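I opened this notebook to record what I looked up in one model. The entries follow the order in which I went through it.

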Amino acid sequence: AGALFSMGTDFHLRPSVLVTYAENLRPQAEASALVFIKEVFGIGMNVRSYGELAGMAQFNFGGFGLGYSYQFNPGSEPLDRRISNTTHEIGLRYRFGGRTGLL
């Protein structure tokens, strides 16, 4: 679930919550929030129920969007000397139908 709140003419807040369940996995919940400037650039944070944190950024131009996320767990140890337990994610978005906006 998510929503979009106006914080004046140039700023918007987009909080969201996601709950995931699968038969062979424990349920997981996460909450995130992005603050957008002029609906073009957004920066925010994500928190998951197992302790992972993520920093997020998003750029919007026309019907296209480009996002980046860096996720890590501040309480866990690296798997070995060369492998860490962090992830980098890149997302691409295109909105069909000529509508633009943050939701």
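Entry 1, strand pairing. I take two strands as paired if DSSP finds at least two bridges between them. The model is predicted. I looked up strand 5, residues 53–61, and strand 6, residues 64–72, and found them paired in the antiparallel sense over nine bridges. Within this pairing I noted Q58, which stands opposite G67 in strand 6.

How many salt bridges does the count give? It comes to two.

I wrote down the bridge between the side chains of K38 and D10, at 3.4 Å from N to O. This pair joins distant parts of the chain, 28 residues apart. K38 lies in the loop between strand 3 (25–37) and strand 4 (41–48), while D10 lies in the loop between strand 1 (5–6) and strand 2 (11–22). D10 has a relative accessible area of 28%, so I list D10 as partly exposed.

The other entry under this heading is R48 with E30, where the closest N and O atoms are 3.1 Å apart. This pair also links distant parts of the chain, with R48 in strand 4 and E30 in strand 3, 18 residues apart. R48 is partly exposed, with a relative accessible area of 23%. E30 has a relative accessible area of 16% and is therefore buried, the limit for buried being under 20%.

I searched the whole structure for aromatic pairs and got five. One of them is F61 with F64, a stacked pair at 6.4 Å centre to centre with 20 degrees between the planes. I label the F61 and F64 pair stacked because planes under 30 degrees apart count as such. F61 is partly exposed at 48% relative accessible area, and F64 is partly exposed at 43% relative accessibility.

I also asked which residues the ring pairs link into a cluster. The cluster consists of F61, F64, Y94 and F96.

Terms used
Residues numbered from 1 in each chain as written. Predicted model: local features only at pLDDT ≥ 70, side-chain atom pairs only at ≥ 80, totals over all residues. Heavy atoms only, no water. Salt bridge = Lys/Arg side-chain N within 4 Å of Asp/Glu carboxyl O. Helix = DSSP H or I, 4+ residues; strand = E, 2+ residues; numbered from the N terminus. Buried < 20%, exposed > 50% of the residue type's maximum accessible area, 1.4 Å probe, protein only. Phe/Tyr/Trp six-rings, centres within 6.5 Å; stacked < 30°, edge-to-face > 60°.
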